[in-house]
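Visitor: Hi, I'm new to this one. Could you put it on the screen and walk me through it?
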Amino acid sequence: MYYDSIVTENKEIASAIWHLKLKTKKTLKAKPGQFINLRVSETLVPFLRKPFSIFDATANTVEVIYKVTGEGTKLLSGKKKGEALNFLGPLGNTYPEVPKGFKKVILVGGGTGIASLHFLAKKLKKKGIKVIQGARNKSCVIHKKKFEEYQGVIATEDGSCGTKGFVTEILKTQLKDNTLIYACGPEQMLFAIQKLAGTKKNVKVLGAFEAYMGCGLGACLSCVIEVKTPKGTENVRVCKEGPVFDVEKIVFSGPRGN
Ligand SMILES: Cc1cc2nc3c(=O)[nH]c(=O)nc-3n(C[C@H](O)[C@H](O)[C@H](O)COP(=O)(O)OP(=O)(O)OC[C@H]3O[C@@H](n4cnc5c(N)ncnc54)[C@H](O)[C@@H]3O)c2cc1C
Ligand code: FES
């Protein structure tokens with residue numbers, strides 16, 4: 001569904017990372033794991049809407065966290081309070097409920113991937129979760145204080161905040177048998193987590209993928225990734241069947257951007 005919204009806040013909260021808050025008249029029903037496709041300009045440049053995970057939402061508000069990486073996000077960072085923005089959503093599937101048989105739940109977000117997990121952390125708070133955030137350095141850490149409410153810990157590549165190294169450095173010390181991991185971030189991170197999961201018994205990784213997208217509606221097939229099936233492999237659309245998948249079933253396509 002299309003929504004007309006008004007910017008209520010658009011603020012830089014870390015290095016080139018912004019927090020955008022929108023208010024809608026029409027009510028919406030968003031769930032953790034879903035995303036919105038934002039139209040960042042009234043002109044044809046950029047032509048495509050831009051997908052962003054839902055950081056938080058109520059019946060009349062949606063929040064996203066975005067990193068300025070190109071033309072679309074640069075334009076978005078110029079939006080002021082009171083300006084109008086149209087978005088399509090909420091799109092995609094959601095993080096499934098915690099299945100029976102898991103004793104521990106860990107949320108792992110790399111870069112802006114942590115945005116997608118905030119909404120879920122709020123929902124699962126009472127279950128005694130732990131959240132691991134990975135960032136390049138201290139200046140890229142997203143809402144450190146907010147995530148402390150959810151037992152948030154941080155890994156930075158240069159060690160300027162929290163543990164030095166990738167999220168897997170912390171995950172290694174936390175991982176036990178019967179753990180469910182929800183994750184979002186670069187594909188390489190999701191597969192490194194899946195590899196680690198294989199070192200314990202009954203560990204499942206449910207990961208939200210951020211493939212390149214065109215339409216966001218399942219029509220253009222620009223977002224397909226390969227999943228393993230009993231007969232071989234098949235393509236699935238991240239915007240329609242995803243973005244959340246059982247990472248064990250995904251065929252790793254090799255390093256990409258981010
Ligand atoms: C389901 C989904 C959820 C997402 N959630 C978030 C989010 O919460 N916060 C956030 O900051 N970003 C998120 N992204 C990525 C975001 O959509 C892109 O960064 C954004 O569209 C870039 O737009 P641009 O016009 O500024 O840059 P472009 O000019 O389109 O690209 C700039 C650079 O970023 C790279 N890039 C663009 N899209 C992607 C992508 N999907 N994966 C890896 N590299 C990419 C390009 O290769 C290029 O190098 C998400 C993507 C998807 C598919
Ligand atoms: S973005 Fe067009 S099919 Fe997924």
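Visitor: Among contacts between residues at least 6 apart in sequence, what share joins residues at least 24 apart?
Guide: That share is 61% in this protein. Keep in mind that we're looking at a predicted model.

Visitor: Got it. How many helices and strands are there?
Guide: The protein has 5 helices and 16 strands.

Visitor: And the overall size?
Guide: Along the principal axes, the C-alpha atoms fill a box of roughly 50 × 45 × 30 Å. The radius of gyration is 18 Å, and a compact globule with 258 residues would have one near 18 Å, so the two agree.

Visitor: How much of the protein is buried?
Guide: Buried residues make up 40% of the 258.

Visitor: Let's pick a helix. Is α2 mostly covered or mostly open?
Guide: Mostly covered: of the 11 residues in α2, which spans 114-124, 9 are buried.

Visitor: Which ones are they?
Guide: The buried residues of α2 are I114, A115, S116, L117, H118, F119, L120, A121 and L124.

Visitor: Changing topic, what's the strand order in the open sheet of 7 strands?
Guide: It goes β11-β10-β9-β8-β12-β13-β16, with mixed pairing. The edges are β11 (163-164) and β16 (244-246), each of which pairs on one side only.

Visitor: You've got β8 beside β9 in that order. Do they run parallel or antiparallel?
Guide: Parallel, with 5 bridges joining β8 (residues 104-110) to β9 (residues 130-135). If you want a spot to look at, find G109, which stands opposite Q133 in β9.

Visitor: Which helix packs on that sheet, touching β8 and β9?
Guide: That's α5, residues 187-197. Helix α5 also touches β12 (179-184) and β13 (203-208), and its direction makes about 175° with that of β13.

Visitor: At what angle do α4 and α5 pack?
Guide: About 25°, with the axes of the two helices 11 Å apart; α4 covers residues 167-174. Angles under 35 degrees count as roughly parallel, so α4 is roughly parallel to α5.

Visitor: Which residues make the contact?
Guide: From α4 you have V167, T168, L171 and K172, and from α5 there are M189, A192, I193 and L196.

Visitor: Why would residues three or four places apart in a helix point the same way?
Guide: An α-helix has 3.6 residues a turn, so residues spaced like that face the same way.

Visitor: Last one: is the crossing of α4 and α5 left-handed or right-handed?
Guide: Right-handed, as α4 passes α5.

Terms used:
Residues are numbered from 1 along each chain as its sequence is written. Chains are lettered from A and ligands numbered from 1 in the order in which they are written. This is a predicted model: local features need pLDDT of at least 70, side-chain atom pairs count only at pLDDT 80 or more; totals for chains, interfaces and linings use all residues. Helices (H or I, at least four residues) and strands (E, at least two) are DSSP runs, numbered from the N terminus. The radius of gyration is taken over C-alpha atoms; the globule rule is 2.2 Å times the number of residues to the power 0.38. A residue is buried if 20 or more other C-beta atoms lie within 10 Å of its own, exposed if 12 or fewer, and partly exposed in between; C-beta atoms are placed from the backbone. Two residues are in contact if their C-beta atoms, placed from the backbone, lie within 7 Å. Two strands pair if DSSP finds at least two bridges between them. Axes are lines fitted to C-alpha atoms, for helices over the stretch in contact, and angles run from 0 to 180 degrees between N-to-C directions. Angles under 35 degrees count as roughly parallel, over 145 as roughly antiparallel, 65 to 115 as roughly perpendicular and the rest as oblique. A crossing is left-handed if the near helix is turned anticlockwise from the far one by less than a right angle, and right-handed if clockwise.
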